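Let's take a friendly walk through this fold, with the sequence and the 3D view side by side. Have both open as you read.

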Amino acid sequence: MKSFHKILLAAAVTLACGSSFAAEKLRIGTEGAYPPFNLIDASGQVVGFDLDIGHALCAKMKTECEVVTSDWDGIIPALNARKFDFIIASMSVTEERKQAVDFTNPYYTNKLQFIAPKSKDFKTDEASLKGKVIGAQRATIAGTWLEDNLGRTVDVKLYDTQENAYLDLASGRVDGILADTFVQWEWLKSDAGKNFEFKGEPVFDDDKIAIAVRKGNDELREKLNKALEEILADGTYKQINDKYFPFSIY
């Protein structure tokens with residue numbers, strides 16, 4: 001009888017584990033300082049394109065989700081410390097990050113582009129950039145691109161948030177900024193960005209943005225991929241895209 005009870009108990013545990021995914025609350029990790037993709041609104045809610053996508057995926061997975069914010073520099077360590085279950089924070093897929101986390105299929109494609117004051121003749125070839133101070137957010141693909149490609153030509157200044165980079169650009173402490181085209185596009189529409197413009201063509205236009213999960217969490221990654229396919233197919237993704245951009249970023 002004892003062994004039979006053990007079999008019943010093991011079966012019950014297996015069933016519980018198998019169904020727990022749908023019942024548990026998942027935690028979405030994001031930065032909350034990267035408009036229009038993720039930001040904290042006047043009411044203290046974390047909103048933006050990333051979060052709309054995240055909540056749409058949770059709805060497809062029939063899973064309740066809550067949002068947890070983290071400083072960008074520590075967002076991957078926080079994921080691996082189980083502060084949240086997946087990151088949806090406009091994170092670029094890089095070989096370095098693949099060593100620490102697993103990624104879903106991309107949910108949009110980013111570009112990197114310079115912005116600078118409208119009043120300045122700002123050319124983006126290496127010779128013209130020599131000696132200029134260029135800002136970017138730290139631990140981003142833009143910052144890495146600057147250091148790798150122009151580190152010996154320009155003075156690279158890295159910031160903890162994109163907003164702080166913009167503050168220094170507006171005050172004249174940097175000559176230009178390299179960042180995600182769609183984030184720059186949003187800022188250029190604001191009062192703070194009205195005297196600035198894109199300079200040159202994108203320097204990189206195939207930056208794949210995906211959701212990060214802990215290494216080996218294939219179940220969650222596959223469920224997120226399936227949910228992403230569903231929101232792309234049923235028009236939910238397009239509705240979210242059109243809420244923020246007059247063009248497709250997928």
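Predicted model: local features only at pLDDT ≥ 70, side-chain atom pairs only at ≥ 80, totals over all residues.

As background, strands of a sheet pair through backbone hydrogen bonds, in either a parallel or an antiparallel way.

The whole sheet is open and has three strands, in the order β2-β3-β4, with antiparallel pairing. Because β2 (33-34) and β4 (46-47) each have a single partner strand, they stand at the edges, and one side of each is left without a neighbour in the sheet.

## The largest pocket

Among the helices, α3 (75-80), α4 (95-98) and α6 (141-150) each supply at least two lining residues, and α6 gives the most, with four. By residue type, the lining divides into 10 nonpolar, three polar and four charged residues.

## Aromatic pairs

How many aromatic pairs does a search of the whole structure find? The search finds 21. One of them joins Phe49 and Tyr244 edge-to-face, at 6.0 Å centre to centre and with 80° between the planes. This pair links distant parts of the chain, since Phe49 belongs to helix α2 (residues 49-60) and Tyr244 to helix α10 (residues 236-244), 195 residues apart. Phe49 counts as buried because its relative accessibility is 0%; Tyr244, at 17%, also counts as buried, the cut-off being under 20%.

Phe182 and Phe247 form a tilted pair, with 5.7 Å centre to centre and 35° between the planes. Phe182 sits in helix α8 (residues 181-188) and Phe247 in the segment after α10, so this pair ties together parts that are 65 residues apart in sequence.

## One aromatic cluster

The residues of both pairs also belong to one aromatic cluster, which includes Phe49, Tyr244, Phe182 and Phe247. Among the other members are Tyr34, Phe37, Tyr107, Tyr108, Trp185 and Tyr237, as well as Phe245 and Tyr250.

Conventions:
Residues numbered from 1 in each chain as written. Heavy atoms only, no water. Pairing = 2+ DSSP bridges. Nonpolar A, V, L, I, M, F, W, Y, C, P; charged D, E, K, R; others polar. Phe/Tyr/Trp six-rings, centres within 6.5 Å; stacked < 30°, edge-to-face > 60°. Buried < 20%, exposed > 50% of the residue type's maximum accessible area, 1.4 Å probe, protein only.
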